[in-house]
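Below are some notes on the model you sent.

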Amino acid sequence: MSKRKSSKSRKKNQPTIANNHRPLKHNEQDELLRQRQWVKLFAEVTFKIRQSLNFKEILRATVTEVQRILQADRVLIYQVFLDGTGRAITEAVLPDYPPILDLEFPEEVFPTEYQQLYAKGRVRAIADVRDRQAGLSDCLIEFVDQFNIKAKMIVPILQNLNSHQQNESSSSNQLWGLLIAHHCDRPYQWLDFELELMQQLADQIGIALSQAQFLEHLEEIVEVRTAELQEVNRNLQQEINDRMQAEAALRRSEEQLRLITNALPVLIAYVDDHQCYRFNNKAYEDWLGQVPADIYGSNIKTVWGNNCYQRMQVYVNLALLGQAVTYENEILLKDGLPCSVNVTYIPHLDEQQNVKGFFALTTDISDRKAIERMKDEFIAVVSHELRTPLTSMHSALKILATGRLGTLSKDGQQMLEIADDNTERLVRLVNNVLDLQRIESGEVKMEKQICNVSTLMIQATEAMQPMAQQHGVVLVVNQIDIEIFVDSDYIVQALTNLISNAIKFSSSDSTVWLSAENTPNAEVLFSVCDEGQGIPSDKLESIFERFQQVDSSDSRRKGGTGLGLTICRKIVEQHEGKIWVESTLGKGSTFSFTLPLLN
Ligand code: ADP
């Protein structure tokens, strides 16, 4: 205590900030020196205070430094709360005096009007709290007595509320707290520099407060951003994992796909909408001698060569228009040998039904083709060998039927007619088989020339008129005068086949119509319409296949062979036309076919 007192008494004799023992002279040099020392001291204090970014440490450093420089008995920072109460939150006090730290001050000792004055920046330096001129109320004097306060200085700490906002014009100050210094052993006349120091430090605290808030605000932003980034990172990581898993699954399924497709003895490929290969199996290498890596990304034309591509082109285009197609083609294998293949293209459509490419499946049908050729040759030879004796048998029976070689009994005559009928049927069958075989094998070429449609219709009806009369059927023709480019013999053959069927399957006194008309698709549409027995709906397609009849007894009863419609279809297809039938059971049928106008 005595030690402190001695330092205290020393302090009381120092009228200025300069803590030297030189008496103050009122000349300019002294004033300059005093100011320099003041600036230095303030810089030092500010530096110490601002060394930390931690606001609490700043407050602690402030009270310690102020207490040290002013040699006050107590320096504290009092925080003002919104409800008017407050609390000393930091304090530097000599051990002789009671601490105020953490004491809650009631509102009476710090009324609202005081707060308002401090908020406007009021500074109070009271040399003697008991001096009536100081204007302290009795209750406040009583309060300050508890803490031995004899002289006090109060400087407001103002907080800039919007300090962290860009727009400074919107900033406003609010009383945050007070920087308070006490002398407790006796009244004390505060010096100007002490006042100034306190004010400057209170300002510094205000700035630090704003910075702390700004820091807090920044930390909040950083925290939110960090959380956001972590979330994004987690999602990204998840996405990467998902993608890696998907890629692994894709690789596995690709390997499996390769394993399966490579094991199959067929060509399997995927071609994109630019006609480039995007997938092909190993058979390509075995058949064409081209490694998959060479084929990948290559154009179909490059892979197959110009000649082969020309035969494929129309089907490729159809597949890229979204149509599934199957066709037969001849390709050359890597050893130069020809190979017959069956090719199927299946379009690949996306969700919007746009064609993205097509899947191509090519199978070797050389063996089947060879067997077909052998069968055709066999049929051709057999039919040809049959035709000659049959024709002579037919002629012999006809001569016998005339009776020129002797009269037969009634039964004998009947047997002769049966033999004649059946021989005639057999001749027809053999002729049909031979016709079909010749057309299918491509042995005959359609000899196309410009023909008048009505001429063809007349030729066909004239040929069929005797049969119509025999069956009591009226034949009506609606001719039109158009020219088409066809093989007239074959078209007349197709028409007579259809008319003969229409007559065959009609009852007497009914009518058969033959008509032709132009269609909007630059085609001629031929129709043969009857009022006959009609065809069941499930047979409308199959009757165009070989030996297919609605009723198997038809061949016997009507003398049919089941090949007429097959031949018609072949003839029409050779002219790039289409044939079909529409029918109502018991009401009649209409057979129609189209032929392109120009070919
Ligand atoms: P077919 O020599 O037996 O007439 P087609 O190939 O010409 O052979 O005809 C096949 C079958 O189609 C016939 O047997 C018959 O059952 C049916 N058919 C063909 N045309 C008609 C028609 N106009 N009315 C009813 N059925 C028909």
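This is a predicted model: local features need pLDDT of at least 70, side-chain atom pairs count only at pLDDT 80 or more; totals for chains, interfaces and linings use all residues.

**Notes on the model**

1. The largest share of the shell around the ligand comes from α14, which gives 3 residues.

2. In total, 20 residues surround the ligand. The closest are N501, D530, Q549, T561 and L565. Sorted by class, the shell is made up of 8 nonpolar, 9 polar and 3 charged residues.

3. For L565 the distance between an oxygen atom of the ligand and a polar backbone atom is 2.8 Å. For V550 the corresponding distance is 2.9 Å, and for G564 it is 3.2 Å. The ligand on its own has 520 Å² of accessible area, and the protein covers 98% of it. Two or more residues of the shell come from each of α14 (488–504), α16 (564–574) and β18 (588–596).

4. D530, one of the closest residues to the ligand, belongs to strand β16, residues 523–530. Is D530 buried or exposed? Its relative accessibility is 8%, so D530 counts as buried. A polar atom of the D530 side chain lies 2.9 Å from the backbone nitrogen of G532.

5. The structure holds 10 aromatic pairs. One of them, Y270 with F359, is tilted, with 5.0 Å from centre to centre and 55 degrees between the planes. This pair links distant parts of the chain, since Y270 is in strand β7 (residues 267–272) and F359 is in strand β11 (residues 355–364), 89 residues apart. The two partners fall into separate accessibility classes: Y270 counts as buried because its relative accessibility is 16%, while F359, at 40%, counts as partly exposed.

6. A second pair is formed by Y277 and Y284. Why is the pair edge-to-face? The ring centres are 5.6 Å apart and the planes stand at 70 degrees, so the pair is edge-to-face; the angle is to be read against a limit of over 60 degrees for that class. Both Y277 and Y284 are buried.

7. Elsewhere, Y315, Y327, Y345 and F358 form one aromatic cluster.

8. Two arginines are placed over tyrosine rings. R122 lies over the face of Y118, at 5.0 Å from the ring centre. R278 lies over the face of Y296, and here the distance to the ring centre is 5.3 Å.

9. Q71 is not a glycine, yet its phi is positive, at about 55 degrees. Q71 sits in the loop between α3 (55–70) and β1 (74–80). With a relative accessibility of 28%, Q71 counts as partly exposed.

10. The other is E576, also a residue other than glycine, whose phi is positive and near 60 degrees. E576 is located in the loop between α16 and β17 (579–584). Which accessibility class does E576 belong to? At 53% relative accessibility E576 counts as exposed; the class begins over 50%.

11. Q313 is part of helix α10, residues 306–320. Its relative accessible area is 32%, so Q313 is partly exposed. Between Q313 and F359 the sequence separation is 46 residues, and their C-alpha atoms are 15 Å apart in space. F359 is the residue described above as the partner of Y270 in a tilted pair.

12. N262 falls within helix α6, residues 192–263. N262 is partly exposed because its relative accessible area is 31%.

How values were computed
Residues are numbered from 1 along each chain as its sequence is written. Side-chain values use heavy atoms; hydrogens and water are left out. A residue is near a molecule or strand if one of its heavy atoms lies within 4 Å of it. A polar contact is a pair of N or O atoms within 3.5 Å; within protein, one must be able to donate a hydrogen and the other to accept it, and residues adjacent in sequence count only if both atoms are side-chain atoms. Accessible areas come from the Shrake-Rupley method with a 1.4 Å probe; for residues, only the protein chains shown count as cover. Helices (H or I, at least four residues) and strands (E, at least two) are DSSP runs, numbered from the N terminus. Ala, Val, Leu, Ile, Met, Phe, Trp, Tyr, Cys and Pro count as nonpolar, Asp, Glu, Lys and Arg as charged, and the others, Gly among them, as polar. Rings of Phe, Tyr and Trp (its six-membered ring) pair if their centres lie within 6.5 Å; planes under 30 degrees apart count as stacked, over 60 as edge-to-face and the rest as tilted. Buried means under 20% relative accessible area, exposed over 50%, partly exposed in between (1.4 Å probe, protein chains only). A charge sits over a ring if NZ of Lys or CZ of Arg is within 6 Å of the ring centre and within 35 degrees of the ring normal.
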